[in-house]
Amino acid sequence: MARIGVKKTYKLFINGEFPRTESGRSYPVVGKGGVLLANACRGSRKDLRNAVQAARKAVAAWSGKTAYNRGQILYRIAEVCESRAGELAEELRRQGSSAADARKEIERVIDRWLYYAGWSDKYPQVFGSVNPVAGPYYNFTVPEPTGVAGIIAPEEPALLGLVSRIAPAIVGGNTVVAVTSESRPLAAITLGEVFETSDVPAGVVNLISGLKSELVPWLAAHMDVNAIDATGVTPDKLADVQKAAAENVKRYVHFDGDEIGWTDDRLSQSPYAIFEFQEMKTVWHPMGM
Amino acid sequence: MPPMTETVLAPAGRSLTPVSFRRSLNDALEMAHGVDAVAAEERASSLAKRSLKKDSKVWGLKLAVSMIDLTTLEGKDTRGKVWALCRKAVRPDPADPEVPHVAAVCIYPSMVAFVKEALGDSGVHVAAVATGFPSGQTFTEIKVEETRRTVAAGADEIDMVIDRGAFLSGDYQKVFDEIAEVKEACGPAHLKVILETGELANFDQVRKASLIAMYAGADFIKTSTGKVAVNATLPVTLVMLEAIRDFYHATGKKIGMKPAGGISNAKLALSYLVLLYETLGAEWMNPDMFRIGASTLLNDILMQLRKEKTGAYQSGDYFTID
């Protein structure tokens, strides 16, 4: 008798767990030729709220880890992505990428984790400074994480785009609530399983799938979110996001992947992507103490 | 202590015959039948699933604010901290005058005179814990004297603890007498009796302690001190509300209820209100008959209210830390 395979239920990733959306809704994810691939969770604003709560709780412990330790964890993510490369590539392929493109995207994903892992204990030297002042003080400036970052992933590349925005945020000690690609969420959701097995503490990364039109306004207006990365927001909606973000003076971040490209490492990865999620703190320390 | 008779008016429109009841331990023990624990837990959890939205949610949250006994009971309490708490009690959200003041500020006896002055004529009551709070392990004379002095200092309400050691070893007479004596010492002040349900082991004992407290003269019965591992829970509150209902049917006297400890978010507070409404009805849905002992709950409710007003989820960064 033929065996019936066990199909994966694509769920959300909140606080280190894989819950279904509290709304109970789903939406169809289709592949080439309109084939139904899966019913993904159609996340609600309450899922976002839960995710932000989890992310807020995780900030202190994550930002309090040593830079070296955060780097180790990002490196571990790269390792696990490598060992699950086949599965992730297969999901990209089912969503419409050619086998070669899928393989290439996964390679870039792995290398991107590695790249930002390396920066973990280096960006503070690059962006920090010792400032000359006219008084008996040591005056220095250090970058500090801004807190909870909301990230809206681009539609494409669904996985590389998401990773390229999450990695610089978390390596700098921020925690993340990310809205995945609406049309191609499968590999992005599987990425949650990678985090779950890579010593990433619960709540540091949270992934919500669903309709961007239902999620983005709530994330942008959430008073407990400190930065919003609008990379995956369509140009006509950017002004709305900026306006909502202004209410609590969120950091506004936007990477123009369509213009710059996602695959050229020299252009699409940079310590300045880490810098965008940092606040600069200046300290006056009296000399002789 | 000789049994005393307390006279109360029969509620209007009710055909309850008894208009007076004896302060009698025997009557209390007679009513103290066993409680079906599975059913109590099931009923509490099914009522807690009810969802309130929009206008009714805002109404419920504002009602909950008006029922809060805003509490600080720490060894490190200072006048500065208590003063700030009093300001918050009077005007919980400085940005929104529609949010009502809380019911009372609950503090240790040494702060009573100071709080009385800080609250002035705002309408917020002064509640103080007394009788060797939180353990109650001191001499009866000291408990009575502490109560007397706390009321003299200006407390409108006294939150006393029962002697759980005596209760658990079966010395109900001692528990009963102590409550009755403290009630006398309260004079005009309202008496809330804390059962410390987290130490009473099961629902049968909770019901028994509730009835003993009510028959001994309590104006309110209260779940917990907030100082032990298990504080207020929905099922325990249900058991106590049912004891209040049975006492009311037997005597015609309305006793208030105060769950305290562990009620830290708005959703949970609304669940308590649902439980209250479904058990005792609309006559208990006011700060004279129901209180919530809490400290962090208020901020969560304020955040919910502002979210309903502005449409954006809120952050603790924009509300005062108590």
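**Ground rules**

I number residues from 1 along each chain as its sequence is written, and chains are lettered from A, with ligands numbered from 1, in the order in which they are written. The model is predicted, so to speak of local features I need pLDDT of at least 70, and side-chain atom pairs count only at pLDDT 80 or more, while totals for chains, interfaces and linings use all residues; side-chain values use heavy atoms, leaving out hydrogens and water.

**Entry 1: a sheet in chain A**

I looked up an open sheet of three strands in chain A, with the order 3-4-10 and antiparallel pairing. Strands here are DSSP runs (E, at least two residues; helices are H or I, at least four), numbered from the N terminus, and two strands pair if DSSP finds at least two bridges between them. Strand 3 (129–131) and strand 10 (278–286) of chain A are the edge strands, each pairing on one side only. Strand 4 (residues 137–145) of chain A is joined to strand 10 of chain A by nine bridges. Across that pair, Thr141(A) stands opposite Thr282(A).

**Entry 2: strands 6 and 7 of chain A**

Strand 6 (residues 175–179) and strand 7 of chain A run parallel, with four bridges between them. Ala178(A) has Leu207(A) in strand 7 as its bridge partner. Strand 7 covers residues 205–208: Val205(A) and Leu207(A) point one way, Asn206(A) and Ile208(A) the other way, and all are buried. Buried means under 20% relative accessible area, exposed over 50%, partly exposed in between (1.4 Å probe, protein chains only). I also noted that strand 6, helix 7 (residues 186–196) and strand 7 of chain A make a right-handed β-α-β unit. Right-handed means that, with the strands pointing away from the viewer, the path from the first strand over the helix to the second runs clockwise.

**Entry 3: Gln95(A)**

Where is Gln95(A)? I found Gln95(A) in the loop between helix 3 (85–94) and helix 4 (99–119) of chain A. Gln95(A) is buried, at 4% relative accessible area. Its side chain reaches the backbone nitrogen of Leu186(A) at 2.8 Å. Gln95(A) also touches several residues, among them Val29(A), Leu37(A) and Arg184(A), not counting residues up to four places away in sequence; contact means heavy atoms within 4.5 Å.

**Entry 4: Ser24(B)**

Ser24(B) lies in the loop between strand 2 (20–22) and helix 1 (25–31) of chain B. Buried or exposed? Ser24(B) is buried, with 9% relative accessible area. The Ser24(B) side chain reaches the backbone nitrogen of Asn26(B) at 3.2 Å, and Ser24(B) touches Phe176(B) and Tyr215(B), leaving out residues up to four places away in sequence.

**Entry 5: the sheet in chain B**

Chain B has an open sheet of eight strands, ordered 9-8-7-6-5-4-3-10, with parallel pairing. Strand 9 (256–258) and strand 10 (292–294) of chain B are at the edges with a single partner strand each, so one side of each has no neighbour in the sheet. Strand 5 (residues 125–130) and strand 6 (residues 157–161) of chain B are joined by four bridges, and Val129(B) stands opposite Asp159(B).

**Entry 6: where the chains meet**

Nine residues from chain B and nine residues from chain A make the contact. About 880 Å² is buried between the chains, and carbon and sulfur atoms give 52% of that. Buried area is the accessible area (1.4 Å probe) that two parts lose on being put together, summed over both. Tyr313(B), Ser315(B) and Tyr318(B) supply 59% of what chain B buries against chain A, more than any other three residues.

Methods
Polar contact = N/O pair within 3.5 Å; in protein donor to acceptor, adjacent residues only side chain to side chain.
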